[in-house]
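I opened my notebook to look up a few features of this structure, one entry at a time.

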Amino acid sequence: MNIVLREITVRELTESYEDNEEGGVLGYGGKLDIRPPYQREFIYKDKQRDAVIDTIKQEFPLNVMYWAVREDGNFEVIDGQQRTISTCQYIEGDFAFNGRYFHNLQSDEQEQIMDYKLMVYLCSGTDSEKLKWFKTINIAGEKLTDQELRNAVYSGAWVSDAKRYFSKSSCAAYGIGSDYLNGSPIRQDYLETAIRWISEDDIEEYMAKHQHDPNASALWRYFQDVITWVGATFTKKRTKYMKGVNWGDLYNKYKDEIFDPKKIEEETAVLILDDDVTNKKGIYPYILTRKEKYLSIRAFSDAIKQKVYEKQKGICTVCNEHFDLSQMEADHITPWHEGGKTNEINCQMLCKECNRRKSGK
């Protein structure tokens, strides 16, 4: 890896700046690719963006940036995308700093900003060396998510196309899936979720296998199928409880089974109102799997356990042996799935061995 330090003025950096879907984000007279395929979207908040402009106006040193030198002699940003875009957007008049846009400044103030020197390391080397630099130097900046790092490692046509569907705030995946997914598209949460679903948690292997595919249409079709299946199976949208459910796993296992959406909605409504169900998100996998572990059924309180233990005089109601409280467990006399509630009337204390035997029946 060959590294050369160069001074670049803001005037040079912002020359021919453009940001559009077709041409990407370019600067430095069209010779700098500000957002190469492995880079993330612009994520700076107003406070961070303003800090960049404040640093420049006060002529304090801005953190060094890194550009990779391409084979054609042009450049791509390895580190510094957020600072670069903040600077360019201010010069373009996209936002004001301290109530003044760039065009509101006096000519001498404008010249001071345009003449400000940025320190840029120009890095020449192989793709793998540049990506290694990208992963290393970003540790000191806005921490990359795991998926942002994967996008760097497996960059190519497939990642670029996948980001078109999954990685912008107004992307297609957000349009149909925002009621069901946690996270933010621009931090690659949607893309990570979609790949996790289709790969059944083997994201790296899936991305390695498809890195050189010309497009990500298969992933996009799969994602659409999952969301369509969810809406057809659970017909009433309850965003509060539906967000973050592992819908891909449920789709993979149950997509070919026939369900009655009307009955599912009736049961869902009952479970939502059941105070013993403490994990409402677990209602959806429970309805399909019938595994009560997803519901986190409310446990008996310590006060109820103590009171029932005293009533039983420490005697297990199954084996009729005496035990210390620490050697016993609270049990539903009538199981929850048969309508039993988590209250004192429906509680009995069993020794651990008897409770295990009963639970295993």
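I started with Glu 200, which is exposed, with a relative accessible area of 59%. The model I am reading is predicted. I located Glu 200 in the loop between H9 and H10. I then looked up its backbone. Phi of Glu 200 is positive, about 55°, although the residue is not a glycine. I noted the background: most residues other than glycine have a negative phi.

I moved on to Asp 201. This residue is found in the loop between H9 and H10. Buried or exposed, I asked, is Asp 201? Asp 201 has a relative accessible area of 54%, over the 50% cut-off, so I wrote it down as exposed.

**Entry: H7 against H9**

I turned to the helices. Two packed helices are described by the angle between their axes and the distance between the axes. I looked up H7, residues 157-166, and H9, residues 189-199. They pack at an angle of about 110°, and their axes are 9 Å apart. H7 and H9 are therefore roughly perpendicular to each other. I recorded their crossing as right-handed.

Which residues meet here, I asked, between H7 and H9? From H7 I listed Trp 158, Ala 162, Lys 163 and Phe 166. From H9 I listed Tyr 190, Leu 191, Ala 194 and Ile 195. I sorted the residues of this contact into seven nonpolar, no polar and one charged.

**Entry: H6 against H9**

H9 also has an entry with H6, residues 146-153. Their axes come within 9 Å and cross at roughly 75°. That makes H6 roughly perpendicular to H9. On the H6 side I found Asp 146, Gln 147, Arg 150 and Asn 151. They meet Leu 191, Glu 192 and Ile 195 in H9. The residues of this contact divide into two nonpolar, two polar and three charged. I noticed that Leu 191 and Ile 195 are listed here and also in the contact with H7.

**Entry: Phe 166**

I came back to Phe 166, which lies in helix H7. Its relative accessible area is 0%, so Phe 166 is buried. What does Phe 166 touch, I asked, leaving aside its neighbours within four places in sequence? I wrote down Cys 171, Ala 173, Pro 185, Tyr 190, Leu 191, Ala 194, Leu 219, Trp 220 and Phe 223. I also checked one distance. Phe 166 and Arg 187 are 21 residues apart along the chain, and their C-alpha atoms are separated by 10.0 Å. Phe 166 belongs to an aromatic cluster too, together with Tyr 165, Trp 197, Trp 220 and Phe 223.

**Entry: aromatic pairs**

A pair of aromatic rings is described by the distance of the centres and the angle of the planes. I looked up two pairs.

For Tyr 90 and Phe 102, the ring centres are 6.0 Å apart and the planes stand at 80°, so the pair is edge-to-face. Tyr 90 is in helix H3, residues 81-92, and Phe 102 is in the loop between H3 and helix H4, residues 107-114. The two residues are twelve residues apart, and their pair links distant parts of the chain. I recorded both Tyr 90 and Phe 102 as buried.

Trp 158 and Tyr 206 form an edge-to-face pair, 6.0 Å centre to centre with 65° between the planes. Trp 158 lies in helix H7 and Tyr 206 in helix H10, residues 203-210, so the pair ties together parts that are 48 residues apart in sequence. Trp 158 is buried, with a relative accessible area of 2%. Tyr 206 is buried with 12%.

**Entry: Cys 316**

My last stop was Cys 316. I found this residue in the loop between helix H16 (302-311) and strand S8 (328-332). Cys 316 is buried, at a relative accessible area of 0%. Not counting residues up to four places away in sequence, Cys 316 touches Glu 321, Phe 323, Met 328, Met 349, Leu 350, Cys 351 and Cys 354. I took one distance here. Cys 316 and Gln 224 are 92 residues apart in sequence and 54 Å apart in space, C-alpha to C-alpha.

Key:
Residues are numbered from 1 along each chain as its sequence is written. This is a predicted model: local features need pLDDT of at least 70, side-chain atom pairs count only at pLDDT 80 or more; totals for chains, interfaces and linings use all residues. Side-chain values use heavy atoms; hydrogens and water are left out. Axes are lines fitted to C-alpha atoms, for helices over the stretch in contact, and angles run from 0 to 180 degrees between N-to-C directions. Helices (H or I, at least four residues) and strands (E, at least two) are DSSP runs, numbered from the N terminus. Angles under 35 degrees count as roughly parallel, over 145 as roughly antiparallel, 65 to 115 as roughly perpendicular and the rest as oblique. A crossing is left-handed if the near helix is turned anticlockwise from the far one by less than a right angle, and right-handed if clockwise. Contact means heavy atoms within 4.5 Å. Ala, Val, Leu, Ile, Met, Phe, Trp, Tyr, Cys and Pro count as nonpolar, Asp, Glu, Lys and Arg as charged, and the others, Gly among them, as polar. Rings of Phe, Tyr and Trp (its six-membered ring) pair if their centres lie within 6.5 Å; planes under 30 degrees apart count as stacked, over 60 as edge-to-face and the rest as tilted. Buried means under 20% relative accessible area, exposed over 50%, partly exposed in between (1.4 Å probe, protein chains only).
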